[in-house]
Every structure is written in structure tokens, then in C-alpha cells.
Amino acid sequence: MAQVALISIDSRDATPIYAQLERALRAAIATGRLKVGEQLPTVRQLAVELSVNANTVARVYTELERAGVLETRRGVGSFVAATPEQAHPPDDYQRRLGAFITRVQADAARAGFTIDDVIAALGAHRQKGT
């Protein structure tokens, strides 16, 4: 597994390298490990440090720039442009919410509650303002 500070790539993972790199960069921003305005390594530096093709890194940087996550300043470098909230992939919210709901349903079933019990309890909890 190649690793640079906050970014790691696992060559044994079936996920394409560019997807791993994009996810790692977004995660580092979303968790605050990379801050707005912070400069990223150059394409070449990151490619060498992670032992990946420079075109792969360039592709990820370009896609993240189009998404507004990074900002590239010609002759200076690439910088974090997104806040942690903005760094999540567009479909990430729905994916995480779906996974959460699945866990809640499974936990409720194991505890002997129906989903209607959970919804009613959440509604009552919300009414109390807690």
C-alpha cells in the first residue's frame, strides 16, 4: 500500500486507482486533514510518492477542479478550494444515509422493534426537542 501523508492507495483493491485517489483526497478535505487554501503536492510529486501514473493524478486533480473541490493556479500549483461539507461526492450523502438506514433497520429488528416503532419514537423524541 502506497501512502503520502493523508492519502493512501491500495494496489490490491479492485477499485480503480483514480477512484481511490479521488476518494482519499475528498475524505482528507471532508475530515479537515486538508484545509481550504492548503497546497497539494504537484501532479508529478504525488505520482512519484504513490507510485502511480502522473496522468492518473492529473485526471483526478482536473475532475476535482471541475467539481470545485480544488483550484489550480497556473505556475503555482493546486490548492484546496472546498470546505469539508463541500468535499463529499454528490452521491455520497444518499449512499451514507442509505447505509445508515439499513443499519438502523437491522438493529431495530434485532432488538425486536418494527420500523414503525422506530419512526414513532423518533417523532416523539423530536417533539420533545431533544
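Student: Hey, which residue does Asp107 form a salt bridge with?
Tutor: Asp107 pairs with Arg110, and their closest N and O atoms are 2.2 Å apart. Keep in mind that this is a predicted model.

Student: Okay! Where do Asp107 and Arg110 lie?
Tutor: Both are in helix H5, which covers residues 92-111. They are three residues apart, about one turn of the helix.

Student: And is Arg110 buried or exposed?
Tutor: Arg110 is exposed, with a relative accessible area of 65%. Asp107 counts as partly exposed, at 44%.

Student: Why can side chains pair like that at all?
Tutor: Side chains of opposite charge can pair when their charged atoms come close.

Student: How many salt bridges are there?
Tutor: The count is five. One of them joins Glu63 to Arg59, with 3.2 Å between the closest N and O atoms.

Student: How far apart are Glu63 and Arg59 in their helix?
Tutor: They sit four residues apart in helix H3, residues 54-66, so about one helical turn separates them. Glu63 is partly exposed at 27% relative accessible area, and Arg59 is partly exposed too, at 40%.

Student: What else does the charged end of Arg59 do, like sit over a ring?
Tutor: The charged end of Arg59 sits over the ring of Tyr18, 3.8 Å from the ring's centre.

Student: Hmm, why does 18% make Asp10 buried?
Tutor: Buried means under 20% relative accessible area, so a value of 18% puts Asp10 in that group.

Student: New topic: which residues of helix H2 are buried?
Tutor: In H2, residues 43-50, the buried ones are Leu46, Ala47 and Leu50. Looking down the axis of H2, they fall within an arc of 100°, so they line one face of the helix.

Student: What's on the other side of H2?
Tutor: Arg44 and Val48 are there, and they are exposed.

Student: And what follows H2?
Tutor: Ser51 does, and its phi is positive, near 60°.

Student: Which residues touch the most other members of the largest nonpolar core?
Tutor: Leu21 and Leu25 do, in a core of 22 residues. Strand E2 (7-9), helix H1 (17-30), H2 and H3 each give two or more residues to this core. H1 gives the most, with five.

Student: What does Leu25 touch?
Tutor: Leaving out residues up to four places away in sequence, Leu25 touches Ile7, Leu34, Leu40, Val60, Tyr61 and Leu64.

Student: Why would nonpolar side chains be together?
Tutor: In soluble globular proteins, nonpolar side chains tend to be buried together.

Student: Last one: where is Arg74?
Tutor: Arg74 is in the loop between strand E3 (70-73) and strand E4 (77-80). At 84% relative accessibility, Arg74 counts as exposed.

Student: And how far is Arg74 from Ser8?
Tutor: They are 66 residues apart in sequence, and 26 Å apart in space from C-alpha to C-alpha.

Technical notes:
Residues numbered from 1 in each chain as written. Predicted model: local features only at pLDDT ≥ 70, side-chain atom pairs only at ≥ 80, totals over all residues. Heavy atoms only, no water. Salt bridge = Lys/Arg side-chain N within 4 Å of Asp/Glu carboxyl O. Buried < 20%, exposed > 50% of the residue type's maximum accessible area, 1.4 Å probe, protein only. Arc of directions from axis to C-beta. Core = buried A, V, L, I, M, F, W, Y, C linked by side-chain atoms within 4.5 Å. Contact = heavy atoms within 4.5 Å. Lys NZ or Arg CZ within 6 Å of the ring centre and 35° of its normal.
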